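Biologist: I have a structure open and would like to learn how to read it. Can you take me through some features?

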Amino acid sequence: MLQIENMVTGYGKKQVVNGIDFEVKPGEFVCIIGANGCGKTTALKGILGFLPLTSGAVRMNGNDTSRLSNKQRARLFAYIPQLHIPPFPFKVADVVLLGRTPHLTSTVADVTKRDKVVAYEAMKQLSILHLAEREYTELSGGQQQLVLIARALAQEPDLLVMDEPTASLDFGNQQLVLTRLHVLSRAGMAVLMVTHDPDHALFCADRVIVMDGGRIILEGSPSDTITSEIMQRIYSTNVCVANVQLDDGQTRRTCIPLMTTREAPATEYAQTASAVLLGMKGNPS
Amino acid sequence: MRNRYNEKHTERNIVNSCADPHASLASENAALDLYSTQYLARRILICSLVLVFIALLSFMLGRYFAWPPEVWQAVKEHITDFVAHLQNPDAISVISDLKLDAALFNIRLPRIIVVLLVGMALSVAGASYQGMFKNPLVSPDLLGASAGASFGACLAMLLNLEIIWIQLFAFAGGMAAVFFVMLINKAVRADAILGLILGGILVGTLFSSGTSIIKLVADADDKLPAITFWLMGSFASITVKDMLMVLPAMVLGFILLLAQRWNLNVLSFGEEEARSLGINTNATRTIVIFAATLLTACSVAVAGIIGWIGLVVPHLTRAIVGPNYKVLLPTTMLVGAGFLLIVDNVSRLLFSVEIPIGLLTSILGVPFFVFIYRKNMKGW
């Protein structure tokens, strides 16, 4: 569906993304991870057309998106930004209705009945109908982000594109947003998400793209890509990726940051920790 | 490609959307209910009625006071007279009270109409700028339109030009100032909003200095007082000619801004979000700036500097109908017109000498602003 071919982009003459190739298939949840400044947000801006491409192409269903107008592009991609507060206390229902903008025949004309129904269904799908009459600015960060996701759904896009949608949310709200995203993805929505937290990628991604220095260094399933070695390499810190057994018997993979000690080399330390964690909740027998 | 639909979900989707017509009809009704704007329509109707009432009141009040029956009589006579003269230019006038007729139709009517227009213009321009610059504390002179128009008018007065030229110079000055701002914005190549605000500050300062220089060299006996008085803003000498001059440009400005009211909602969420929602942000910004400058320059040209309306009225209107530009923009025009008309009545009736309305809007605007801000603290 979405194909990125040798995309080079950046700010003015400064190239930040140096030729990346990847694709997102229908219904797939793809996460891009990498350290600050690795070019993951810049890559998103190139895909969304916020930045001009120096070379390469972004194709959606085979069509080059650089030839499309903002309006046409907005029917393919819906963008969910990092949380920020707009200056005016719009009603939640009105914010979601703005997602219909690319489908209006003219912005002077009134929205149609169908636009209202689509916006309503989007709120229903994210279970935020009870917030519809509230003011957007007085919601919690997690709820605000759900409203923006509903607005994105109202665009009826082929792909949701998100730039760290959970940044600046507290622990509970991060989980709230990720869980709803996961449900959406299970219902067939394709998602491309940039995240700063590898645990989020482990939580909901089908496929992970690891970026470093403006290039893709690795691509694959979460368990193949998010390993102690890779995490240590891209984040330059001591990390242990461990499988933890939960009380109900399920095993979950997670990243654990470690204190950097001189005595124990990183990898050795990580392996020890991994073993300990697995044994921690081990079988009673 | 995997099939990601699990059974439970598919079931739910069917129930929601297609299989059960009652369910979908119910959600359709709920959606229409949610987006019903009836309560807003009522509030807008009340605003309109209040405006009509104030306008009629302004028609009666003045040094030559007239009760409603007298006004009604005069209006009837004026129309009859007008029609009679259309048919036969030599017809004998049927107007019984010539003084009242002159007061109503040569002085009060054009003045009231221009006050309404200026009130609408400044408020709608201010509201639009507040959305476009994502900042509730912005007024329509942000990009130097007022400073440029003042400079133009003062220059014309210094050159001893006629009133029509003063107005044209003011208009040209306002448009030129904002044009320079656009050039600076292009030159600095910063973020579009930042570049515009920076340009506005620079150009505003430049033109204000120009105005000061003109004041410095102006004849202190007659020109300087005229310039100073003009800068304080006044509707005292409005004629039918003034009204006809600004009317077309202002109507154009109103139409352009009202056509952008959906886009203004989207723009207030920021540049990138607006683009991702399919808005051509550059085109929208250019239209809004052009229309707002047109309105501001026309206002200054015909009535001088009238501050605070463009800042206060949009906030007052948000307190009445909420922040959605679809409703806010037309309503702010009604409220702005009514607000300025009240202030204008005070300015001409309070004392035997008229108080310059620009002073009065500032004096009334500041406490009023504090009042609304306190009431609406959580946001606009």
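Biologist: What covers the buried residues of H6(A)?

Modeller: The cover includes S3, helix H5 (141-154), S8 and helix H7 (198-204) of chain A. Contact here requires C-beta atoms, placed from the backbone, within 7 Å. Keep in mind that this is a predicted model: local features need pLDDT of at least 70, side-chain atom pairs count only at pLDDT 80 or more, and totals for chains, interfaces and linings use all residues. Residues are numbered from 1 along each chain as its sequence is written, while chains are lettered from A and ligands numbered from 1 in the order in which they are written.

Biologist: Which residues of H6(A) are buried?

Modeller: Buried means 20 or more other C-beta atoms within 10 Å of the residue's own; exposed means 12 or fewer, and partly exposed lies in between, with C-beta atoms placed from the backbone. In H6(A), A:Gln174, A:Val177, A:Leu178, A:Leu181, A:Leu184 and A:Ser185 are buried. They cover an arc of only 115 degrees around the axis, so they sit on the same side of H6(A). That arc is taken from the directions from the helix axis to the C-beta atoms. A:Gly172 and A:Thr179, on the other side of H6(A), are exposed.

Biologist: What span does H6 of chain A reach?

Modeller: Helices (H or I, at least four residues) and strands (E, at least two) are DSSP runs, numbered from the N terminus. The expected span is 1.5 Å times one less than the number of residues. H6 (residues 171-186) has 16 residues and reaches 23 Å from first C-alpha to last, close to the expected 22 Å. Just after H6(A), A:Gly188 has a positive phi of about 110 degrees.

Biologist: In what order do the strands of the sheet in chain A run?

Modeller: Strands of a sheet pair through backbone hydrogen bonds, either parallel or antiparallel. Pairing here needs at least two DSSP bridges. The order is S6-S7-S8-S3-S9-S10, an open sheet of 6 strands with mixed pairing. S6 (77-80) and S10 (215-220) stand at the edges with a single partner strand each, so one side of each has no neighbour in the sheet.

Biologist: How do S3 and S8 of chain A pair, parallel or antiparallel?

Modeller: Parallel, over 4 bridges. A:Cys31 has A:Met193 in S8(A) as its bridge partner. S3(A) also runs parallel to S9 (residues 207-212), again joined by 4 bridges. There, A:Ile32 stands opposite A:Ile209.

Biologist: Which strands pair in the antiparallel sense?

Modeller: S9(A) and S10(A) do, over 5 bridges. Their hairpin has 2 residues between the strands, and A:Gly213 takes a positive phi near 60 degrees.

Note on methods. Two residues are in contact if their C-beta atoms, placed from the backbone, lie within 7 Å.
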